[in-house]
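I opened this notebook to keep track of what I looked up, entry by entry.

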Amino acid sequence: MSIKTLITGFPRIGEKRELKKALESYWSGAIKAEQLHKTASQIRQKSLLYQKNCGIDLISVNDFSLYDNMLDTAVMLNAVSERFKVIENDLDRYFAMARGNDKATALEMTKWFNTNYHYIVPELNGNMKPMLNALKIISEYKEAKKAAVTPKINIIGPVTFLGLSKNKEGNVYNAYFDKILSIYKELLSEISKLDDIVYVQFEEPLLVKDTTNLELTLLKTAYTSLSCVSDKIKIIVTSYFEHSTEAVEILTETGIWAVALDFVYGKKNLQALKKLNSKKLIAGVVDGRNVWINDIDKSVKLLDKIAENVPHQDIIISTSCSLLHVPYALENEPDSDIKRWLSFAYEKVKETVLIAKLFHKDSLSEQEEIFLAQSRAAIEEKKTSCKINDISVQTRVKNIQKFERGGNFKERNPLQKKNLNLPLLPTTTIGSYPQTDDIRSIRKEYKKGNICLEEYESGIKKYIDNCVAFQDETGLDVLVHGEPERNDMVEYFGEMLKGFHFTTNAWVQSYGSRCVKPPIIYGDISRPQPMTVKWITYAQSKTKKAMKGMLTGPVTILNWSFVRDDKPRNEVSKQIALALSDEINDLQQAGIKIIQVDEAAFKEGYPIRKENIAEYEKWAVENFKLAVSTAKKETQIHTHMCYSEFNEIVKTIEAMDADVLTIETTRSGNELLNAFKQVGYKNEIGPGVYDIHSPRIPQVEEFADQIRKLKEIIPVQRLWINPDCGLKTRKWEEVKPALKNMVEAVKIIRDKN
């Protein structure tokens, strides 16, 4: 069989979010496990057949997951923490590891490199007894064979699995590498029985980071060993999101079959081509992370350049990474001014096949000729379109005079304390409250034109009234309006900014059943009118307590959007920051004393390679400060950050100079806070005390115990008490008792101070 194409991985949530709906139905008890597995199988079958019909030669299996591939790998290796082993049912144990339950807290969750996908962080400990569980892999392989495709088994590689796992017992590699490698060898031995030839794609994205000598040594040991297990196994080692030049030379000294490299985001991979040593090259030339149509002629030219160092017949065309990070199909979107400039997963599969045919000089079908002509026309149209450029925005950016607010924290803090008069350990929430079916329906019906503005606003006001009343009654100190008018923390703002396009069904998985529809930034950005003032001031009129204005920061809006590819990202972020600075000025002029500017995705925008970090930090901090530059000294600026390795960026957070920082820490314990203590972080901070990603309800003493631990790290005068994140995804029956318990715990601690 001549192999010319493969797709690194495919989306798994379902074209119409079928998996999301099935998961949530299973978790609520509405369906049984059998129905969940049936839905999962149907999604896999559709993906397999689509790729097969398009002409993809090697089609991934085991890229599908009911929750997360790192979690799947932990289960495959029996790397299961002791607290979950009391759960007898395999599926319940699996979901407890991801989400927690009344018996056990969930595993930590964090961002997958610099993407918006979250993975579950495996916990390793000395009691772990590695043991192979290959049932999922084998069953999905057999399922694919029945569909008459040539499968490629996707597996997280041993170096990446260990490097991204959590271990409290010293060096993770020294403690577990030999044990884990033996299980991987056993796995290859088992799957070698499945077919005459079995293709296995080991995913090693850790190789695109600044790898250590130990990791490179273990890489060679691993793939020297694994490639000797069976002649029937053809091993592909895959990396993505950046270059992995240091690893290529190491890998080509082993017996693997192919190396897969990202040539979209890893330009330096071109420098490693002379070291391939007759290995096959999987060339990732179709962008798996963004939604813009591929410049097919440009991709073929890149492949021609690659072919100067790699034999033509040894080059296999692929995507730069898994298509997990883009929506399913453009055909699900209504017509728009920019639709022909876009390419989703289904279209990227076609692009991959078309590029391969042009590169290998194979004949095109009539449909492919039409597709190519349309692609070329769209590329040319996009280059010259007047929709993209706004001279007034560009002029304003050039003429920026003020990049940050007046006064330092030492000056601002006493003014804010006097202005707000808050008690010790002030309590608040991060912004959103549960999105009920009623509120979703109101937004949906209004958007469709089925209800009038008056009816829509009446529904929003009713939600805000109830939300504010609950917070007042519960005893929270700083309130929020609950965000009933907002579909998503980025999409909501983008809908009111020029330069953004919004999709209807372009869903992308963020974690588990959580899906988002990232906006598409295609042109210069400006704010035609205020975006939040109306609802924030209405909520403030319903209480005497301080009401927070809620905004999403410029870097997060950038990082959670599909960004135009014809302008530097820092310039796009600067345009967003200017628009937000106008909004902040309007809010404080309307009497709002606290404004939260969320930078939940600040960390995920970080370059993977250390050599590129300083430049990113410089413009990201600059643009956050530009966004809040209109704030008066008396106006308290909060920011919120999601799960991150805060110890790596604490100095940068300090440079952002928000008055109050709220962060997610519950799943990782309080260890992340030590970084703030070590650098002498002076501003106020609210570490999460309530894991909102889990349905469990912490009790009063659990909250109190957590607050006591926090006091040992953060001085009580600078400590805020709040949940980990927004409460949008939770239910009211979970949220109400949890927040009441949180406030009650704070009262207990205050009484003893």
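For the first entry I take contact to mean heavy atoms within 4.5 Å. The model I am working from is a predicted one.

**Entry on α5**

With that cut-off in hand, I asked what covers the buried residues of α5. The cover includes α2 (33–54), β1, α3, β5, α7 and β7. The buried residues themselves are I137, I138, E140, Y141, E143 and A144, and I note that two glutamates, E140 and E143, are in that list. An α-helix has 3.6 residues a turn, so residues three or four places apart point the same way. I then checked the length of the helix: at 1.5 Å a residue the twelve residues of α5 should span 16 Å, and the end C-alpha atoms are 17 Å apart, which agrees.

**Entry on two positive phi values**

Just after α5 I found A148 with a positive phi of about 60 degrees. Most residues other than glycine have a negative phi, which is why I recorded the value. A148 belongs to the loop between α5 (135–146) and β5 (151–156), and because its relative accessibility is 53%, A148 counts as exposed.

I then turned to N62, another residue other than glycine with a positive phi, here near 70 degrees. Is N62 buried or exposed? N62 has a relative accessible area of 10% and is therefore buried, although it too is found in a loop, the one between β1 (59–61) and α3 (69–76).

**Entry on α8**

I repeated the length check on α8, which runs over residues 213–226 and has 14 residues. From its first C-alpha to its last, α8 reaches 20 Å, close to the 20 Å expected at 1.5 Å a residue. I listed the buried residues of α8 as E215, L216, L218, L219, A222, Y223, S225 and L226. Which elements do they pack against? The partners are the helices α6 (158–163), α7 (172–191) and α9 (245–251), together with the strands β7 (198–203) and β8 (233–238).

**Entry on aromatic rings**

A search of the whole structure gave me 29 aromatic pairs. One that I followed up is W27 with F95, an edge-to-face pair at 5.5 Å centre to centre, with 85 degrees between the planes. This pair links distant parts of the chain, since W27 is in helix α1 (residues 18–28) and F95 in helix α4 (residues 90–99), 68 residues apart.

W112 is buried, with a relative accessible area of 7%, and F113, at 15% relative accessibility, counts as buried.

Returning to W27 and F95, I found that they belong to one aromatic cluster, which they form with Y26, Y67 and Y94.

**Entry on lysines over rings**

Finally I looked for charges above ring faces. I noted K534, which lies over the face of W535 at 5.3 Å from the ring centre, and K736, which lies over the face of W732 at 5.4 Å from the ring centre.

Note on methods
Residues numbered from 1 in each chain as written. Predicted model: local features only at pLDDT ≥ 70, side-chain atom pairs only at ≥ 80, totals over all residues. Heavy atoms only, no water. Phe/Tyr/Trp six-rings, centres within 6.5 Å; stacked < 30°, edge-to-face > 60°. Helix = DSSP H or I, 4+ residues; strand = E, 2+ residues; numbered from the N terminus. Buried < 20%, exposed > 50% of the residue type's maximum accessible area, 1.4 Å probe, protein only. Lys NZ or Arg CZ within 6 Å of the ring centre and 35° of its normal. Expected span 1.5 Å × (residues − 1).
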